[in-house]
Amino acid sequence: MDPAQYQFVNLGEVDIVGLEARADFAWEGGWGFIASLSLADGDQGDGTSVGIPLNSIDPIKLVSGLSYDDREGRFGGQFIATFSGEKDERDINQTCTDAFGSSSPCFVPEGFTLLDLTGYWRVTE
């Protein structure tokens with residue numbers, strides 16, 4: 001294996017369950033609101049047993065935002081907040097293997113929130 005080359009590895013057995021929901025609302029005057037929620041849990045099997053946590057599955061993600069678009073499409077923007085929850089200890093495979101085959105503890109990020117402010121302005125007709 002070349003450690004400088006990143007590649008996906010397909011797992012033989014996985015079990016992923018979850019729920020996704022999304023809502024978009026638009027009001028008069030160009031204002032709008034979006035919201036989405038996803039919940040998921042995943043386990044992988046090794047051929048003999050099932051139940052090894054699948055580290056690549058986000059446990060909970062919530063996105064909400066407020067938008068404005070000019071009626072004639074000349075300008076607009078959005079403010080979007082994204083929350084990603086921290087994984088529970090039992091949902092983490094504690095040992096990760098690198099490209100050289102060495103095992104070490106997995107990096108586990110805490111939950112986080114992102115705030116995005118975007119805008120546009122149409123310069124020409």
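What share of the 125 residues in the protein do buried residues make up? Buried residues make up 18% of them, where buried means under 20% relative accessible area, exposed means over 50%, and partly exposed lies in between (1.4 Å probe, protein chains only).

## Before you start

This is a predicted model, in which local features need pLDDT of at least 70 and side-chain atom pairs count only at pLDDT 80 or more, while totals for chains, interfaces and linings use all residues. Residues are numbered from 1 along each chain as its sequence is written, and side-chain values use heavy atoms, with hydrogens and water left out.

## The overall picture

Welcome to a protein built with zero helices and eight strands. Both kinds of element are DSSP runs numbered from the N terminus: helices are H or I runs of at least four residues, and strands are E runs of at least two. Reading along the sequence gives the pattern β-β-β-β-β-β-β-β.

Contacts come next, a contact being heavy atoms within 4.5 Å. Take the contacts between residues at least 6 apart in sequence: 54% of these join residues at least 24 apart. The protein exposes about 9700 Å², and carbon and sulfur atoms supply 56% of that area. Accessible areas come from the Shrake-Rupley method with a 1.4 Å probe; for residues, only the protein chains shown count as cover.

## Strands E5 and E8

Let us look at one pair of strands. E5 covers residues 75-84, and it pairs with E8 in the antiparallel sense over ten bridges. Two strands pair if DSSP finds at least two bridges between them.

Why does E8 lie largely in the open? E8 has ten residues, 112-121, and the number buried is zero, so the strand lies largely in the open.

Ser67 is buried, with a relative accessible area of 15%. Leaving out residues up to four places away in sequence, Ser67 touches Gly30, Trp31, Gly32, Gly77 and Gln78.

Leu62 also has its place in E4, but it counts as partly exposed at 39% relative accessibility. Together with Leu19, Leu37, Leu39 and Phe83, Leu62 makes a nonpolar surface patch of about 400 Å². Patches are made of residues with over 30% relative accessible area and no salt bridge; like charges are joined within 9 Å, and nonpolar side chains (Val, Leu, Ile, Met, Phe, Trp, Tyr) within 5 Å.

## Salt bridges

Side chains of opposite charge can pair when their charged atoms come close. Here a salt bridge is a side-chain nitrogen of Lys or Arg within 4 Å of a carboxyl oxygen of Asp or Glu. By this rule the count comes to three.

One of them joins Arg22 and Asp24, with the closest N and O atoms 3.2 Å apart. Arg22 is exposed, at 61% relative accessible area, and Asp24 is partly exposed, at 48%. Elsewhere, Asp70, Glu72 and Arg74 are linked in a network of salt bridges. Arg74 meets Asp70 at 2.9 Å, N to O, and it meets Glu72 at 3.7 Å, again N to O.

## Aromatic rings

How many aromatic pairs does the structure hold? It holds four. The rings of Phe25 and Phe33 have their centres 6.4 Å apart and their planes at 25°, so this pair is stacked. Rings of Phe, Tyr and Trp (its six-membered ring) pair if their centres lie within 6.5 Å; planes under 30 degrees apart count as stacked, over 60 as edge-to-face and the rest as tilted. Phe25 is partly exposed, with a relative accessible area of 46%, and Phe33 is partly exposed too, at 30%.

The rings of Tyr68 and Phe75 have their centres 6.1 Å apart and their planes at 35°, so that pair is tilted. Tyr68 is partly exposed, at 24% relative accessible area, and Phe75 is partly exposed at 35%. Finally, ring pairs link Phe25, Trp27 and Phe33 into a cluster.
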